Amino acid sequence: MLRKMGRHPYRPGHIHMIVSAAGYAPVTTHLFVADSRYLDSDAVFGMKESLVARFCRHPAGTGPNGEPMDTPFYTVDYDFRLRPSIAG
């Protein structure tokens, strides 16, 4: 079907997550890697500009939590917005 539509089966690089906090409705979402291939042609049409973030690569050394890291690692800054839970 994808071939007939002139499309491919590939997704841009992304990471899935569930974000929650007491008193707020949880959200299940994903962030897309800003420089990822296929951003403009996501096979499942799930990419939104508001979900694109720049992931920064860091060399091995001290991690964000202060612990030593033996391998390179990535960080990303993104503000999630949660809606208050509706009690009912």
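Is Tyr38 buried, exposed or partly exposed? In this predicted model, Tyr38 is partly exposed, because its relative accessible area is 23%. The legends below take one close-up view each.

**View 1. Tyr38 in its loop.**
Tyr38 sits in the loop between E2 and E3. Its phi angle is near 80°. That is a positive value, in a residue other than glycine. A residue counts as buried under 20% relative accessible area and as exposed over 50%, with partly exposed in between. Tyr38 has 23%, so Tyr38 is placed in the middle class.

Phe45 belongs to the loop between strand E2 (27–33) and strand E3 (52–53). Its phi is near 55°, again a positive value in a residue other than glycine. Phe45 counts as exposed because its relative accessibility is 59%.

**View 2. The salt bridge between Asp42 and Arg11.**
The structure holds 2 salt bridges. In one of them, the side chain of Asp42 meets that of Arg11, at 2.5 Å from N to O. The pair links distant parts of the chain. Asp42 is in the loop between E2 and E3, while Arg11 is in the segment before strand E1 (14–19). They are 31 residues apart. Asp42 is buried, because its relative accessible area is 4%. Arg11 has 27%, so Arg11 is partly exposed.

**View 3. The salt bridge between Asp35 and Arg54.**
Here the side chains of Asp35 and Arg54 meet, at 3.0 Å from N to O. This pair, too, links distant parts of the chain, 19 residues apart. Asp35 is in the loop between E2 and E3. Arg54 is in the loop between E3 and strand E4 (55–58). Asp35 counts as exposed because its relative accessibility is 63%.

**View 4. The largest pocket and its lining.**
How much space lies in the largest pocket? It is about 270 Å³. Part of the lining comes from residues such as Ala25, Pro26, Val27 and Thr29. Ser50 and Leu51 line the pocket too. The lining also includes Tyr78, Asp79, Phe80, Arg81, Leu82 and Arg83. By type, the lining residues divide into 7 nonpolar, 2 polar and 3 charged. Asp79, Arg81 and Arg83 are charged lining residues. Thr29 and Ser50 are polar ones.

Val19 is found in strand E1. Its relative accessible area is 19%, so Val19 is buried. The cut-off for buried is under 20%. Val19 and Met5 are 14 residues apart in sequence. In space, their C-alpha atoms are 35 Å apart.

Where is Tyr74 found? Tyr74 is in strand E7 (residues 73–76). Is Tyr74 buried or exposed? Tyr74 counts as exposed, because its relative accessibility is 54%. Tyr74 and Pro59 are 15 residues apart in sequence. From C-alpha to C-alpha, Tyr74 and Pro59 are 8.8 Å apart in space.

How values were computed:
Residues numbered from 1 in each chain as written. Predicted model: local features only at pLDDT ≥ 70, side-chain atom pairs only at ≥ 80, totals over all residues. Heavy atoms only, no water. Helix = DSSP H or I, 4+ residues; strand = E, 2+ residues; numbered from the N terminus. Buried < 20%, exposed > 50% of the residue type's maximum accessible area, 1.4 Å probe, protein only. 1 Å grid on protein atoms, 1.4 Å probe; cavity = no way out; pocket = protein on both sides within 12 Å on 5 of 7 lines; lining within 4 Å. Points joined across faces, edges and corners; volume = space filled by probe spheres on them. Salt bridge = Lys/Arg side-chain N within 4 Å of Asp/Glu carboxyl O.
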